[in-house]
Amino acid sequence: PLLNEIAENILEEYSGEFLEYQEIVNEKKSEAKKIKEDDDEEEEEEETEEVQVDVDGTIESTLDLPDPPKRPVFDSRHSIDELNTMLSDTASHFNSNDWKIHANAAKFERELDEKYGIFRPFITEHPEVEQFIKGVQRRYAMGYFSPFRQGSGPISTTSSVVLLFMLQRQKLGMEFMILISLFLLVGLQPWALVAIVALGHHQLNRRKIKALGTMKSNIPNVEPYYKGMTDDQKKEMLTKPVGSPLTADDKLNAYDVVLIGTGPSTLYTAALLSRAGRKVIVLSSREDASGCANLSSADHKTNKIPFDLEDSNASNLKTLQEELAPALCTNADLQGGVRFAQIGSNVDGYAFEILSIPGMGGAYGKEQIPFVIGASIDQLAEDAANCLGDGLSTAFGSDSQSLQYAATCKAMNGSSFSYYLTKIFPENSKSFLDSGHYENATVRPTQPFLDKTFPLNPHLRSLFAGIGMKHEDIKPSQTSMGAHITNVSAALSGEGMHYPIGGPRALCHALASVVEQYGGRIATEVGAKEFVFEDVKEAASSKKDPDAPRCTGIKLGDNRTIKVAKPVVEKGKEGEGAIICMDGFIYTFLHLMPGEIRDKYKVPRGLPVLTESRPVIKFLFAVKGSAEELNVTGADYYRLPSAALPEDEVGEGGLITCGEIGGSGYDEDESPKDTTHRGKTSKKDEKEDEEKEVKEEDAQDVTGIEESKKTKQKVKFNTGSSWIHISFPSAKDPSFSTCYGNNVTTCVVTIEADDDFVTLFETKPRLFAIHPEKLVKGDKMTGECSRLLERVMKDLAETFPQVTGKILASEIRGPYRRGLTHNPERFAAKGIRADTPYPGLYVGGADLTVNSFSDSIVGGWLAANAVMGYSVIDHQYLEKSITSDLAQFLEEPYELEEDLAVPYYDPPEPAAEGTNDDN
């Protein structure tokens, strides 16, 4: 009623105002009519049009009228009736409960529009979807979808920490340790862990298929260096050295990687980096970057024959070829036309080594029995049973200690590659990596392990001591067990040894061609003088231990300087150049490192406690006749006095005390008073070899650090007893007769250098000074050198009588450095890594692994990966490395054909009966 009364009042008030306004309008019209003189019809029509009322009640007029009254809400009786009707309906609606239903329905409709928008029709037609969505919403509100666990964990925090510690001690992988920690300590839900794993897997896969650094995602392949050559031209190519001397026109500052070294491992590293987008220059101090040598004193035919100075026997051929393929591959062949042949023949069991160990196979001190190592490990076990008192293999099983020992070494060597990978990983990542038992073995000597394995058989101890360390004259008591395991596993793998067809020069020609086709350079006869570093004043800081400066180049012997360029990594972004020394840590830090830099900053951790291996001298002999005529095989002959039969002692109660293997001699660490296998050959030699004083300044030039008193012992090569290695490289190469004929056989004899030619200094580290002037003065041998050559030739004739009187020419090369000795300290030193304390300076080669052909290739591979910046994640979890990336991004060969780098014909297998059995 109140609303109705208000509406009536509004209507009455509006009606009164409108009537008053209408009267005013009428008066105005009358006045207008009086004023106008012309009252014709046309004028009347115009007057009637002067005032108009719109349909909405608004009055428009051309006359001078006041504003019309504002039209209210209730302007008629009809509007009041509508109000009464609405009020009546509303009252009846709210007097019942229907309004609540309608209100909820309207709210639900509005919420559906807000939640689902354009998907509302689909949700309406499928109510089960709506129910599912509501269920998810309820779970979310209750915390079901929170990434963090609600409430306490499955075990307490203390128990979680203990569990994680136990798992870490069990060498559980880092990725599993992280996930377990997130679940137990952080409290992530299982679904959140799955999401993290999926996201991480996605990111890792993206990195796996991405080319790193300077490497391109589509790497063009190269032509084989022998393309278009005839067989005669291929043969002629093998007579030429790898690389050429530097000239005045060479642009020395155009390269972003400088490699210092010689041999296949150096060129392999250069080829990998070249394919990865780096521009590489190799600096070799020799005339031939392959490490081979030609006789300069021989006739015009013989002087073209290369002599292998690098001992290129390859073990584990399948793995080696997988490593070499990304570096060698051309558009015609996956291996660049290079092949390997197994050393030996079916008749001799593919024998590749002959070990002569004093006392082994006979009584102590008596004449030794040479032991042949071939491809068949069963044959070795049989020989050990027949000659050394080992057990036999029967149909009921095997009690052969040799087979058991070989299997143990092989199992332990299985983790060697993981251990070597740690040499390019950050040190703090080692706790998350599993390098197995091999790492523990590397820091322990070999003798205790042999004593426990063969306590009752000293002959087997000597045999495996010789197999485990034949490349160097050190006793098992001072040999790293890791190096021993690697050598035993390589020799007794059951595959035998293989040799590159055409020799290492053919292999290196293929690698050098890759480097040069990618814009690199192989420079020979280059003498490196010292490294060049950035301005020390700029690099130094106010710290107590300032950061070492970056190595930016190298100064050559002719005083020219090579500055490494900065490679372009990405558009507008530059990387850093690198210098890699493949000649070992001693040469890198004590010969090429400027003294003021080394003294002010640092050397790698552990280097001062290490020892350099005694340098070796190589004797090259051209022997008249083919290998078949001379009855020599490809098996290398080693005399190993450091593996000499130990003298066991029987104590009270029959307790056996194992004697020292190789105990008849002494090492540099021991007193020289005892008789030595390196002892003087005669009183005449003793008088001629009286110790000579070495000038203080010469010693300082060699070591560059403060050195102590020179050692007083005298080491001499003794015919018939000193360490010696005799090889016939031409007998290993099936292409030799095809390329060079059947008139000459090459022979290389290696001995450890006498004190006449090297001097040991008791410095930190212990190292040798080399005196090449004592070998040759001008074009003639010195007296010491001539006498040494006579003793070596006598030893060669006693060992291989068939060469007597058939030596056409001979030369002496060396002394050559061999890097670090294989003692446990070498493997325990934390600074023996591919990267160094000096940014931009790297070390590669055999010093990172073991001194053998295959392992030096691995050392070069490590250096290449370090330069390219591959991380722990790349190697451990993505299996991503420089070789895997090259295999992924390198164009595959499209002209596969059997056009090999070296022409040869498979020789017929010799008859089972003949001179080989007699030999």
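In which handed sense does α11 pass α33? The crossing of α11 past α33 is left-handed, a label used if the near helix is turned anticlockwise from the far one by less than a right angle, with right-handed for clockwise.

Before going on, a word on the model: it is predicted, local features need pLDDT of at least 70, side-chain atom pairs count only at pLDDT 80 or more, and totals for chains, interfaces and linings use all residues. Residues are numbered from 1 along each chain as its sequence is written, and side-chain values use heavy atoms, leaving out hydrogens and water.

Helices here are DSSP runs of H or I with at least four residues, strands are E runs of at least two, and both are numbered from the N terminus. Axes are lines fitted to C-alpha atoms, for helices over the stretch in contact, and angles run from 0 to 180 degrees between N-to-C directions.

| Helix pair | Angle | Axes |
|---|---|---|
| α11 (264-275) and α20 (503-517) | about 25° | 8 Å apart |
| α11 and α33 (882-889) | roughly 50° | within 10 Å |

With its angle of roughly 50°, α11 is therefore oblique to α33, whereas α11 and α20 are roughly parallel. The classes are under 35 degrees for roughly parallel, over 145 for roughly antiparallel, 65 to 115 for roughly perpendicular, and oblique for the rest.

Contact means heavy atoms within 4.5 Å. Towards α33, Y268, L272, L273 and R275 of α11 meet I882, T883 and L886. That contact divides into 5 nonpolar, 1 polar and 1 charged residue. Nonpolar covers Ala, Val, Leu, Ile, Met, Phe, Trp, Tyr, Cys and Pro; charged covers Asp, Glu, Lys and Arg; the others, Gly among them, are polar.

α11 also passes α20 in a left-handed crossing. Among the residues in this contact are L267 and Y268 of α11 and L507 and L511 of α20. The contact with α20 has 11 nonpolar residues, 1 polar and 1 charged.

**The sheets**

An open sheet of 6 strands runs in the order β3-β14-β5-β4-β20-β32, with parallel pairing; two strands pair if DSSP finds at least two bridges between them. Strands β4 (257-260) and β5 (280-283) pair over 4 bridges, and L259 stands opposite V282 in β5. α11 packs on this sheet, touching β4, β5, β14 and β20, and its direction makes about 170° with that of β5.

A second open sheet has 7 strands and mixed pairing. Its edge strands are β10 (371-373) and β31 (807-816). Strands β21 (616-624) and β26 (744-752) pair in the antiparallel sense over 9 bridges, with L620 opposite V748.
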